Amino acid sequence: METEKRYEEALKWIHGLGRFGIKPGLERMKAMLEKLGNPHQAIPYVHIGGTNGKGSTAAMLASILRTAGYRVGLFTSPYLLSFTNRMAIDGSDIEHDDLAGLVDEVRVLVDLIVEDPALGQPTEFEVVTVLALTYFARQNVDLVVLEVGLGGRLDATNVVDPLLSIITNISLEHTDVLGDTIEKIAAEKAGIIKQGRPLLTAAEDPLALAVFEARCNELDAPFYRLQSSEPLHAADEYKRPHALAGKITAAGQYFSYQGFKITYRDLFIPLRGKYQLDNAATALGALELLEAHGFYCNEEAVRSGLAATVWPGRLEVMQSEPLLVMDGAHNPAAMARLAEAFPLYFNYKRLILVFGIMADKDMSPMLNSILPLADVVIFTRPLIERAADPRVVAAFAREKLGYEIEHQIIEDHGEALDRALGLADLDDAVLVTGSLYTVSDVRAYYTGKNK
């Protein structure tokens, strides 16, 4: 009981830092880590940025390495089920007692940082990142797969010198922070590229690729990318990793992989969506590049690790009659991919959509992607201050976008799910989407109710 009390108090303090918002910059991170003895410098990393697919790529890469026998730390955000999901070792979240102890230690350092007017108050994400980097170092992991929070150049995670940087893809997001063009966003993402360290990217936009190539040339960093339909330039002749789609099943999908040197046939991932094949190819390409640093994974580890990947909330099937699917698509590119994948992977008569979105998102393209698939929409909101008012979202869809679709407004996310399932016949589908926060809250409600 004492441990749980300390854990809850630690979480309350961490989340209380959220009121300080986003403060791009690395000065506070470096100051806190230096006071802890720079633990992040003791272990190797793979640093993963990009617009979408970061978490799935990280989860697959970590699962394969873990299956091969390496002790692997995984840092992701935001969390889906529990705060401790954000920092895990070998698939196990940090223990409540360990987190509480680290918070006691770091809290003292934060008080010291605040006293320095040149630094000011650290943010929630900065403190969480410090906690994770310290935890992984003290647990003596072999490698950390580290997901970027926002952007790259000034993101709190960008204090590490990784063995390899990965940028999954690029599309317009967080334009108020990262810039309003693909080139500006790509430049921010390219901030994770380090001197002499290779970059692997799945991006296809020529403007983004040009930014990445130029930055790699500046830093003498080897530049690799997945195969795409358009070559970057005539001299781009080296073999590029790619995945070829195979059979789709109720549990996931099969594919083949052609890499820099390695070919695998009939691999399986328990993740749905064609875009997950690019994420898988990125993870496998990263494995090939990591061999130069002594991280070798045989074919058995690759097959077993991919098949054992756990990454909930991405086209995740919760039940079959009626079909209930949850997907954390939270920006225009992700929502377009979801809208493309859903009717390909699932059979259903009607679609009842449960939709909750953040107020700072670009609603128009997201709604234009998903609403044409829906027969009924229930607008709701997750339990976070940044959530959009569902009345505002519904009015926007009707008045600005012209959708005259049957809909209801139910603020409570649990009631929204219950209403959707109540409206659905056994051959209908219910899809929960719009934000990872929406999926997290609705999923927690559903699993709690069905224990």
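In which strand does T201 lie? In this predicted model, T201 belongs to strand 7, which spans residues 199–201.

**The surroundings of T201**

With a relative accessible area of 0%, T201 is buried, because that value falls under 20%. A polar atom of the T201 side chain is 3.0 Å from the backbone nitrogen of A203. When neighbours within four places in sequence are set aside, the residues in contact with T201 are I167, T168, L209, F212, F223, Y224, R225 and L226.

**Backbone geometry**

Most peptide bonds are trans, and most residues other than glycine have a negative phi. The table lists departures from these two patterns.

| Site | Feature | Angle | Location |
|---|---|---|---|
| S77 and P78 | cis peptide bond | omega about -10° | P78: loop between strand 2 (72–75) and strand 3 (87–89) |
| E321 to P322 | cis peptide bond | omega near -10° | P322: loop between strand 12 (316–320) and strand 13 (323–326) |
| D90 | positive phi | about 50° | loop between strand 3 and strand 4 (92–93) |
| D266 | positive phi | about 55° | strand 11 (residues 263–269) |

Neither of the aspartates is a glycine, yet D90 has a positive phi, and D266 has one as well. D90 sits in a loop, whereas D266 is part of strand 11. How exposed is D90? Its relative accessible area is 28%, so D90 counts as partly exposed. D266, by contrast, has a relative accessible area of 54% and is therefore exposed, the cut-off being over 50%.

Terms used:
Residues numbered from 1 in each chain as written. Predicted model: local features only at pLDDT ≥ 70, side-chain atom pairs only at ≥ 80, totals over all residues. Heavy atoms only, no water. Helix = DSSP H or I, 4+ residues; strand = E, 2+ residues; numbered from the N terminus. Buried < 20%, exposed > 50% of the residue type's maximum accessible area, 1.4 Å probe, protein only. Polar contact = N/O pair within 3.5 Å; in protein donor to acceptor, adjacent residues only side chain to side chain. Contact = heavy atoms within 4.5 Å.
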